[in-house]
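I would like to walk you slowly through one structure, so please have the picture open while I talk.

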Amino acid sequence: MELDNLLDELEEHMMKTEEALQQHFHGLRTGKASPALVENVMVEYYGTPTRLKEIAGISAPEPRLLVIQPWDSTAVSAVEKALLASNLGITPVNDGRSLKLPIPELSQERRTALAKQAKSQTEEAKVALRNLRRDANDVAKKGQKGGDLTEDELKKLLDDIQKLTDSYIATLDKHLAAKEKELMTV
């Protein structure tokens, strides 16, 4: 990070952290079928780990059913193996050309476990934000030692970095609250 555009770079990195958390949340199963649930499952396709969404069409024709249609019919067994290896807790039904994933109703115990998982992912994202803040603070302090910043400018920059960090942590907390509400709604 350079001193000139320190805040812009910091915000860009924090935005990426927020987006990564939202992607994790899309993969957490609620009571309804969503293609986002399986699209990032890695499939061993001709010896190469490939995302499921890149080798198959994923649709949700019913609220509790996902249909996965590999474009290459020889990949059906590899997709099935990858789905069983992922910890979704759903057994696919193979009809030879496609896979059907019936989404069962979530038990209260499973909802609580998923909410706990969402909370731990949010904590990891907050740690990442704090690490970004620490790195930005170090760059700012080195800039002041190098004579690029006055003491007042350093104090203002450190305050701006802290405000940006606080706003992103609040945003992550909002995302977590929304996901917990979604998970706990029967």
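**A walk through the model**

Let me begin in the loop between β1 (42-45) and β2 (48-51), where Tyr46 is found. Please keep in mind throughout that what you see is a predicted model. The phi angle of Tyr46 is near 50 degrees, which is a positive value in a residue other than glycine. For those who are new to this, most residues other than glycine have a negative phi. Is Tyr46 buried or exposed? Its relative accessibility is 65%, and because exposed means over 50%, Tyr46 counts as exposed.

Now to the helices α1 and α5. The axes of α1 (residues 6-27) and α5 (residues 151-184) come within 11 Å and cross at roughly 10 degrees. Because angles under 35 degrees count as roughly parallel, α1 is roughly parallel to α5. On the α1 side the contact is made by residues including Leu6, Leu10, Met14 and Phe25, while on the α5 side Leu157, Ile161, Leu164 and Tyr168 are among them. Sorted by class, this contact has 13 nonpolar, four polar and four charged residues.

Staying with α5, this helix has 34 residues and reaches 49 Å from its first C-alpha to its last, close to the 50 Å expected at 1.5 Å a residue. Its buried residues include Leu154, Thr165, Ile169, His175, Lys179 and Leu183, and the buried residues of α5 pack against α1 and α4 (108-145).

That brings me to α4, the helix in which Gln121 has its place. Gln121 counts as buried because its relative accessibility is 14%, and buried means under 20%. Which residues does Gln121 touch, once we leave aside its neighbours within four places in sequence? Gln121 is in contact with Leu21, His24, Phe25 and Leu28, and Leu21 and Phe25 also take part in the contact of α1 with α5.

Definitions and conventions. Residues numbered from 1 in each chain as written. Predicted model: local features only at pLDDT ≥ 70, side-chain atom pairs only at ≥ 80, totals over all residues. Heavy atoms only, no water. Axes fitted to C-alpha atoms, helices over the stretch in contact; angles between N-to-C directions. Helix = DSSP H or I, 4+ residues; strand = E, 2+ residues; numbered from the N terminus. Parallel < 35°, antiparallel > 145°, perpendicular 65-115°, else oblique. Contact = heavy atoms within 4.5 Å. Nonpolar A, V, L, I, M, F, W, Y, C, P; charged D, E, K, R; others polar. Expected span 1.5 Å × (residues − 1). Buried < 20%, exposed > 50% of the residue type's maximum accessible area, 1.4 Å probe, protein only.
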